[in-house]
Amino acid sequence: MSESKNVNAFGLTKKDYLGAKTTLCTGCGHNSITAVLTNALFLSQINPYKVAKVSGIGCSSKTPAYFLNSSHSFNSMHGRMAPVATGAKITNKDLYTLGISGDGDTASIGIGGFIHLIRRNLPMLYVIENNGVYGLTKGQFSATADKGSKIKSGDKSPFETIDLCSMALDLGCGFVARSFSGDNKQLTQILLAAMKHKGTAVIDIISPCVTYANNEGSTKSFTYVKEHLSPLHQIGLVEPSEDIKVDYNEGETTQVKMPDGSTLTLKKIKKGHDVFNREETIKTLIETRDSGQILTGIFYINENQKNVLDHLNLSDTPLAHLPTDQMQPDPKHLTEILKGFK
Ligand SMILES: Cc1ncc(C[n+]2csc(CCOP(=O)(O)OP(=O)(O)O)c2C)c(N)n1
Ligand code: SF4
Ligand SMILES: [Mg+2]
């Protein structure tokens, strides 16, 4: 942050990161996420004019309208956030790509896109606002509903849950985390760290739907989540120019060097969790899930992976800014290329 805490490197204030007034239900977890995300984008010194917000369809997918008024934004189709984000990033790699999706949007109709986006390691922040229901269409169970969880109508979910963090880990995602919309402090730190990751960063945020799934028996209600939270560590992020002020010398800590030179410090609360060990992390996630606890924190980090842009060997100038004559072969080369197909 520059001279004044209220103004960032672009001379912008927090107000410049706001969006339209929310139209979601009062008390919806998604509104809390919007507030934390807005603050984290400001603190991260991300230029709002260089952000591409992409979403699908759902209450969660409406939220990009409620922050970063000046950014590029595409509210796409249900389950299509991932392919649209892929196209946007490849076309203009200079834009910071921020995807907002729901559990319905990602874990059902959009599951194929989710899988392939992670497999390609598209540099972006993928936020899932997870309430276990299709909020926008009046609260049917989604595929992330826990088996046995109840919705307001009294129905119990009979099926196994899809754990998007376990799935992301299995696919080799290099930044996987979970938080809770009501944990402002932890969510801020996770978002700040995720915004520095150079590949796909997936954050599954449990976000209660107060209208359709905040009842007794729902495992995504505010009360249940608060009572069953099991944080892995305390998180601190130190910018490259700052002295390390975070008091993390005592006890077991892990330090992670982020690509921009900042240091992420994770002070362990749960003994033995190794943020670099994918297999053990998957095992821990399954064990915690089976015990009915909700593990939160940064589960896994790998900063040594190539991302899709490295593989594509793109020009320094983003494709969107190249003139037409540089985007297509000249007639002589085109003839040679075509000869090769004969
Ligand atoms: C192709 C298509 N199928 C179904 C729908 C209906 N639909 C709209 S939103 C939605 C689910 C939204 O759930 P989720 O992504 O979890 O978002 P939430 O509202 O819970 O935040 C569905 C099924 C649609 N709009 N388009
Ligand atoms: S229906 Fe549920 S998810 Fe949608 S805005 Fe209301 S509380 Fe939020
Ligand atoms: Mg949902």
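This report walks through a predicted model, from its sheet and helices to a ligand shell and a pocket.

## The sheet

Let's start with the strands. Eight of them line up in an open sheet with mixed pairing, and their order is S2-S1-S3-S4-S8-S7-S13-S9. At the two edges you'll find strand S2 (72-75) and strand S9 (229-231), each pairing on one side only. Go from strand to neighbouring strand and the average turn is 20°, direction ignored.

Now zoom in on one pair. Strand S7 (residues 175-180) runs antiparallel to strand S13 (residues 294-301), and four bridges link them. If you pick out Val176, its bridge partner in S13 is Tyr300.

## Helices on the sheet

Two helices to look for here are H3 and H9. Helix H9 (residues 278-290) packs on the sheet and touches S7 and S13, with its direction at about 170° to that of S13.

Helix H3 (residues 81-91) packs on the sheet too, where it touches strand S1 (51-55), S2, strand S3 (96-102) and strand S4 (124-130). The direction of H3 makes about 175° with that of S3.

## Two helices side by side

To describe a pair of packed helices, you give the angle between their axes and the distance between those axes. For H3 and helix H5 (residues 111-120), the axes come within 8 Å and cross at roughly 35°.

Which residues make this contact? On the H3 side they are Ala82, Pro83 and Thr86, and on the H5 side Gly113, Phe114, Leu117 and Arg120. Sorted by class, that gives four nonpolar, two polar and one charged.

## Around ligand 2

Next, find ligand 2 and look at what surrounds it. Cysteines in its shell include Cys25, Cys28, Cys59 and Cys209. Leu24, His30, Asn131, Gly135, Val210, Thr211 and Tyr212 are also part of the surroundings. How many of the shell residues are charged? There are no charged residues around ligand 2; the shell has seven nonpolar and four polar ones.

## The second largest pocket

Rolling a probe the size of a water molecule over the atoms is a handy way to see where empty space is left. In this model, the second largest pocket holds about 410 Å³ of space. Its lining has 23 residues, and those nearest the centre are Asp146, Thr161, Lys220, Arg289 and Gln293.

Strand S8 (200-206), H9 and S13 each give two or more residues to the lining of this pocket. H9 gives the most, with four residues. By class, the pocket lining splits into seven nonpolar, seven polar and nine charged residues.

Terms used
Residues numbered from 1 in each chain as written. Chains lettered and ligands numbered in written order. Predicted model: local features only at pLDDT ≥ 70, side-chain atom pairs only at ≥ 80, totals over all residues. Heavy atoms only, no water. Pairing = 2+ DSSP bridges. Axes fitted to C-alpha atoms, helices over the stretch in contact; angles between N-to-C directions. Contact = heavy atoms within 4.5 Å. Near = heavy atom within 4 Å. Nonpolar A, V, L, I, M, F, W, Y, C, P; charged D, E, K, R; others polar. 1 Å grid on protein atoms, 1.4 Å probe; cavity = no way out; pocket = protein on both sides within 12 Å on 5 of 7 lines; lining within 4 Å. Points joined across faces, edges and corners; volume = space filled by probe spheres on them.
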